[in-house]
Structures are given as structure tokens and as C-alpha cells.
Amino acid sequence: MYQTLTLSRENKVATVTLNRPDVRNAFNETTIAEITQVFNELSKDSSIRAIVLAANGPAFCAGADLNWMKKMADYTHAENLADAGQLAAMLAAIYTCAKPVVAQVQGDCYAGGMGLVAACDVIVSVDTAQFCLSEVKLGLIPATISPYVIKAMGENAARRYFLTAERFDAVQALRIGFVHEVVTAEVLSAKVAEIVKALVTNSPNAVAQAKVLVRDVGGREITPELIASTVEGIAVIRASEEGREGVRSFLEKRKPSWLG
């Protein structure tokens, strides 16, 4: 079905794998369209509880494809707007996906590739990976990916790496909060599987709503309106089918129905 990625499904988990290793999984307009499509479809797929975003080859993603960049050099302002809009739609499809998304970073991650990773919910990196926001070296800025990258690494770290375009390693990525786990290549898949196992045992509806909760509450001032919103949120989820089932199963000391 796809030219630039592969999709596999097993035990309620979908794995989307970037599959352009010859160009270090750099993305072009086809990749952007395919990632957007697959995440929008998986978001609605009731048989899927979690998604892994992975890549083939030595690099996770080198950012924009060089041939695609050559074409963009001659774009008009309107064409650049349309092109950037498609990239933004891809990132939003990952970030707002109703299913939890785990990034399995097996190699270097540069520029737009960091946006892909930052849009995921959990990020696990191999200890040899290098990261770089290289846009300013080309006279550009990481504008479209910035909402996700700044949320992931924080404003202070973003100020440094947006401006310097320095490379930094996985240990530094962990230190600044951009990734959640750093492991050796030998245990990368096992660590991701461990996290995915935890995700798929939870209430699918609660996981989806927890993602929305983080998006809605993160960074906001604690006001009466926010408090009222969270009170409404717990009231609604308690009355939901899975909310009632989860509490009943806990009190009755049995597995909830979503594990059946």
C-alpha cells in the first residue's frame, strides 16, 4: 500500500516503519501524505490499542529529502504555505492520534525528524543516536515543528538548539526531557515492547482521554475555569462504560472487560 513506509499489526499494536534507509529516511511529499493517512486511519481503528513509530536503516530520520528541498527552492509563497500546511497536518495526525504513540529511535534524528519524534507520546532512544535542529545552518527556522519540539524539550533548551544547530547525544536528549528512555541497541525493541505492554492493558477510552487531558491542561494557568473543566472531565469518565467497568472489576478483583 505504501511507497515510503511499512505497516504491520500484531496483538493490538500497529508498527509504522519509515522505510527509506537509502536516504536516511528523509521525508518528501509522499512520506508526509502516507504518514498522515496511516495515523488518521489507525486513530479510528478499534482493533489497535497502541502504535510504534520506527524506522529501517542506521538513521531514524534525517529531516527533509534533498530532492524535495531542491523543488521547494523555487516555490512561490503560496506553494510554500501549502507545502508547510501538509507537514503541519502530518505532525498533528500523530500528536492528536487517539492511540498512544511510542517512538522507537534507533539512529540519528535531525531537523524535521525531531518533529516526528516530538509529536509522539513516549520516546525511547538508542544510546548512540545523535540529535540536531539544523535548520538555521540552511538559513531556515524549525517553524512547523516548533510547537511539538518546544513542548518536548522546553523553551530553555529550544532556545539553545534552535539557535546553535549543535548536535547533541541521547544522554543530553534525556537530560533536557526530549526523550523518556535511553537504552542500548540490544534492548531497544524490548524496552519499547515493555512500554507498549503497559499501554495496551489500560482502558482504551481512558488512554485516549488522558492524551486529550495533557493537551488541554498542559501549560495553562490554574483558574476556576480550568478546575471546573477537570471536575467535569472526571465526572464524565466515571459515568462512562469503561469507567464503570474499571471500578467494578477492581472492586470484584477480576480483569476488566477490555482485557478479555
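Biologist: Which way do the residues of β3 point, and are they buried or exposed?
Modeller: Ala-50, Val-52 and Ala-54 point one way from β3. Ile-51, Leu-53 and Ala-55 point the other way. All are buried. Keep in mind that this is a predicted model.

Biologist: How many residues of β3 are buried, then?
Modeller: 6 of its 6. The strand is mostly covered.

Biologist: Which strands pair with β3, and in what sense?
Modeller: β2 and β3, residues 50–55, pair in the parallel sense over 6 bridges. β3 and β5 also pair in the parallel sense, over 3 bridges.

Biologist: Give me some residue pairs. What does Val-16 partner with in β3?
Modeller: Leu-53 is the bridge partner of Val-16. Thr-17 stands opposite Ala-54. Towards β5, Ile-51 has Val-101 as its bridge partner.

Biologist: How does the chain get from β2 to β3, and what is the hand of that crossover?
Modeller: The chain goes through α1. This β-α-β crossover is right-handed.

Biologist: And β2 itself, how many of its residues are buried?
Modeller: 5 of the 6 residues of β2 are buried, so β2 is largely enclosed by the rest of the structure.

Biologist: In what sense does β2 pair with β1?
Modeller: Antiparallel, over 6 bridges, with β1 covering residues 5–10.

Biologist: Is Asn-11 buried or exposed?
Modeller: Asn-11 counts as exposed, at 64% relative accessibility.

Biologist: Switching topic. Where is Asn-28?
Modeller: Asn-28 is in the loop between β2 (13–18) and α1. Its relative accessible area is 12%. The cut-off for buried is under 20%, so Asn-28 counts as buried.

Biologist: What does the Asn-28 side chain reach?
Modeller: The backbone nitrogen of Thr-31, at 2.9 Å.

Biologist: And which residues does Asn-28 contact beyond its sequence neighbours?
Modeller: Leaving aside neighbours within four places in sequence, Asn-28 is in contact with Thr-4, Arg-20, Asp-65 and Trp-68.

Biologist: On to helices. How many residues does α3 have, and how far does the helix reach?
Modeller: α3 has 19 residues, 77–95. The helix reaches 27 Å from its first C-alpha to its last. That is close to the 27 Å expected at 1.5 Å a residue.

Biologist: Which residues of α3 are buried?
Modeller: Asp-83, Leu-87, Met-90, Leu-91, Ala-93 and Ile-94. Down the axis of α3, the buried residues fall within an arc of 165°, so they line one face of the helix.

Biologist: What does the buried side of α3 pack against?
Modeller: Its partners are α1 (29–43), α2 (66–72), β5 (101–105), α4 (112–118), α5 (146–153) and α9 (204–217).

Biologist: And which exposed residues are on the face turned away?
Modeller: His-77, Ala-78 and Leu-81.

Conventions. Residues are numbered from 1 along each chain as its sequence is written. This is a predicted model: local features need pLDDT of at least 70, side-chain atom pairs count only at pLDDT 80 or more; totals for chains, interfaces and linings use all residues. Side-chain values use heavy atoms; hydrogens and water are left out. Helices (H or I, at least four residues) and strands (E, at least two) are DSSP runs, numbered from the N terminus. The expected span of a helix is 1.5 Å times one less than its number of residues. Buried means under 20% relative accessible area, exposed over 50%, partly exposed in between (1.4 Å probe, protein chains only). The arc is that of the directions from the helix axis to the C-beta atoms. Contact means heavy atoms within 4.5 Å. A polar contact is a pair of N or O atoms within 3.5 Å; within protein, one must be able to donate a hydrogen and the other to accept it, and residues adjacent in sequence count only if both atoms are side-chain atoms. Two strands pair if DSSP finds at least two bridges between them. A crossover is right-handed if, with the strands pointing away from the viewer, the path from the first strand over the helix to the second runs clockwise.
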